[in-house]
Amino acid sequence: MMESLIGLGQGFGIALSFGNLLWCLLGVALGTAVGVLPGLGPTATISLLLPITFRLDATSSLIMLSGIYYGAMYGGSITSILVKIPGEASSIVTCIDGHEMARRGRAGPALGISAFGSFIAGVVATLGVALAGPAVADVALAFGPAEYTALVVLGLVLVTQIGEGPRIRALLMAALGLWGSTVGLDPIEGTTRFTFGVLELQDGLDIAVLAMGLFGVAEVLTLAAAKEGSTQMVDSPRGLRALLPDRADWRASSGPIARGSVLGFALGLLPGGGALISSFASYVMERRLAKDPSRFGQGAIEGVAGPETANNAAAQASFVPLLSLGIPSNVVMGVMIGALMIQGIAPGPMLATERPELFWGVIASMLIGNLMLLVLNVPLLPVFVALLRVPQRILAPLILLFCVVGAYSLQNSAFDVMMVAIFGVVGFLLRLVRLDPAPFMLAFVLGELLEKSIRQSLLIGLGSPMILVEKPISAALFALAALVLCWPALRWIQIRIMGGRRTT
Amino acid sequence: MEDGAAPEVALSGRWDAAALGLVLLLTIGALVLSLGYPLWGDFQPGPGLFPTLAAGLAVLCALGALGSALLAERGAATGREEARVWRRLLVYAGIVLIWAASFATLGFAASGAIALTLLMRVGEGMGWLPSLAIAGVTIALGWLLFEVLLGVPLPHGVLPT
């Protein structure tokens with residue numbers, strides 16, 4: 001513990017140098033901008049900026065690149081709340097209550113609690129990384145294919161608990177999302193599936209294209225179809241007081257922020273969909289804990305505070321497997337390993353002892369970067385909210401323009417533009433039949449990991465599915481999934497028994 | 001937006017069931033396609049196993065959703081509202097699809113200008129002049145942001161490079 005505190009102190013000395021402060025500021029500012037713009041995600045931005053880092057020292061380059069990553073995590077929530085376009089997959093859940101809050105003239109508190117929650121989560125998770133990171137990093141090593149299968153199954157069960165409407169429709173959308181994730185090359189044998197001879201589909205459907213179509217374009221179509229003389233996309237508050245979370249908001253959000261920080265940190269340690277699973281696990285947990293769960297989906301601030309906190313904590317925690325074990329927990333971390341290797345550094349268990357200035361400098365910079373995000377974004381709240389005053393007839397074409405060009409910028413391909421348009425129309429049609437696209441998207445993201453894990457497990461178990469429940473972690477996760485799935489039935493039985501006792 | 005409520009565009013019971021019937025057919029199609037790949041081979045799962053499981057689950061859920069829709073009595077939108085929804089959807093969706101289809105051929109500026117002008121003129125009922133002005137400014141801003149600042153090589157199409 002003492003050693004970690006000394007290391008953190010040394011890290012602050014490095015991170016607070018003028019040059020590193022500047023790189024950190026550049027990273028978080030770029031990250032926020034990238035998160036706001038649909039299409040251009042942190043992976044593409046970090047890859048584009050890699051050549052710039054050749055001229056920097058390893059610590060400065062990693063400080064800037066990590067700033068882009070957690071800046072994008074926050075930036076993604078801005079568009080989720082304002083225009084219902086998730087900048088990142090982990091911001092999909094924020095669309096549900098965040099955008100509903102914006103509709104009801106509470107965009108400021110939604111953005112504010114997202115900024116403060118992300119800051120608190122960032123601080124908690126960074127301290128967690130510093131104090132317990134190397135020790136808990138081994139948790140990631142305990143996860144094999146069977147454990148991942150169980151984790152993703154739990155995640156999928158949680159997905160079906162999100163959103164309003166009949167559960168059977170959420171389950172239908174999740175199943176379709178799983179099927180959609182199999183389009184393209186099979187992850188084990190490389191067999192081409194469901195591409196119908198279209199070359200562009202070999203890499204599968206792009207998550208950003210799906211998000212822009214199913215959420216962005218579909219939202220514009222929904223508003224156009226439902227419009228009855230309205231001039232604004234959503235209500236927009238005026239006055240600074242209305243823009244910040246009030247005492248009641250803070251009271252409602254303090255629990256979700258605390259729980260989201262811990263949950264996000266724990267799930268962020270796991271390679272794979274940690275940040276994504278943490279955001280909707282937090283949402284489901286808060287809805288279950290709420291006195292009035294019916295408020296969720298109608299603009300409950302807890303539905304923004306919990307998931308936003310959790311995804312930011314997970315983003316910070318994902319640095320633990322990277323720095324302590326050299327394991328990239330997601331694609332962005334994979335690119336960061338590339339950045340380190342370019343500098344001749346191999347991340348792993350020896351990094352903290354061999355290059356303490358890099359290890360602790362990056363960790364300290366995360367604390368500073370989170371403070372920068374808060375200082376940058378809270379004063380900008382009036383600017384973000386002012387966007388809502390732009391009349392719908394002007395904002396709607398702008399959203400379409402961003403979706404079209406954002407899709408094109410992914411691979412400079414007109415095919416992606418066409419897919420965005422098609423998925424936009426599909427997304428609108430799905431809303432007409434009350435089929436929520438959120439479970440589809442979340443299952444789509446988890447689908448590849450689930451397929452790979454199931455198939456690897458069955459390979460290891462020589463075809464026996466018993467391998468999935470033989471290990472204690474996977475058995476516990478499957479049991480938890482079953483409990484979540486059966487919870488409504490258990491509650492019903494409990495109410496019946498209690499009701500029966502009262503009447504007798 | 002009235003009281004900030006979410007726009008209600010859900011279909012009435014009859015159309016809801018019909019749409020879910022269509023979804024059921026699509027899931028059956030997905031299942032048939034999935035069964036076209038090997039499910040198992042050489043003591044290991046084949047490429048068809050996971051999609052088959054997913055499509056099978058989707059078929060079951062679609063059946064359940066269709067069943068509950070047929071049993072439920074619901075009337076979210078009247079016939080007139082449905083006609084309005086479909087009319088506006090056709091205008092918007094048609095323009096968006098044409099924009100996407102002509103993006104590479106006509107280029108970013110020409111396809112975008114045409115689509116945005118049509119959206120505002122036909123979809124929003126604005127005059128020709130404001131429609132053209134807003135489309136022009138939007139395209140110019142988009143070009144500045146994406147091509148000049150972010151270096152995205154947008155297609156030029158019919159316009160000279």
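Predicted model: local features only at pLDDT ≥ 70, side-chain atom pairs only at ≥ 80, totals over all residues.
Student: OK. Which residues of α4(B) meet α5(B)?
Tutor: On the α4(B) side they are F108(B), A109(B), G112(B), A113(B), L116(B), T117(B), M120(B) and R121(B). Facing them in α5(B) are W128(B), S131(B), L132(B), I134(B), A135(B), T138(B), I139(B), G142(B) and W143(B).

Student: How do the residues of that contact divide into nonpolar, polar and charged?
Tutor: Eleven are nonpolar, five are polar and one is charged.

Student: And at what angle do the two helices pack?
Tutor: About 140°, with the axes of α4(B) and α5(B) 8 Å apart. Helix α4 of chain B covers residues 108–123, and helix α5 of chain B covers 128–149.

Student: Is the crossing of α4(B) and α5(B) left-handed or right-handed?
Tutor: The crossing is right-handed.

Student: Switching to the two chains. How many residues of chain B are in contact with chain A?
Tutor: 68 residues of chain B, and they are in contact with 69 residues of chain A.

Student: What area do they bury between them?
Tutor: Chain B and chain A bury about 6,000 Å², and 78% of that is on carbon and sulfur atoms.

Student: How many salt bridges between the chains?
Tutor: The count is two. One of them joins the side chains of D16(B) and R169(A), at 3.0 Å from N to O.

Student: New topic, S114(A). Buried or exposed?
Tutor: S114(A) is buried, because its relative accessible area is 0% and the cut-off for buried is under 20%. The residue lies in helix α6 of chain A, residues 107–136.

Student: What does S114(A) touch?
Tutor: Leaving out residues up to four places away in sequence, S114(A) touches Y74(A), S77(A), I81(A), V304(A) and E308(A).

Student: Where is F194(A) found?
Tutor: In chain A, in the loop between β2 (192–193) and α10 (207–226). F194(A) counts as buried because its relative accessible area is 4%.

Student: What about phi of N412(A)?
Tutor: N412(A) has a positive phi of about 50°, and this residue is not a glycine. The place of N412(A) is in the loop between α20 (392–411) and α21 (414–432) of chain A.

Terms used:
Residues numbered from 1 in each chain as written. Chains lettered and ligands numbered in written order. Heavy atoms only, no water. Helix = DSSP H or I, 4+ residues; strand = E, 2+ residues; numbered from the N terminus. Buried < 20%, exposed > 50% of the residue type's maximum accessible area, 1.4 Å probe, protein only. Contact = heavy atoms within 4.5 Å. Axes fitted to C-alpha atoms, helices over the stretch in contact; angles between N-to-C directions. Left-handed = near helix turned anticlockwise from the far one by under 90°. Nonpolar A, V, L, I, M, F, W, Y, C, P; charged D, E, K, R; others polar. Buried area = accessible area lost by both parts, 1.4 Å probe. Salt bridge = Lys/Arg side-chain N within 4 Å of Asp/Glu carboxyl O.
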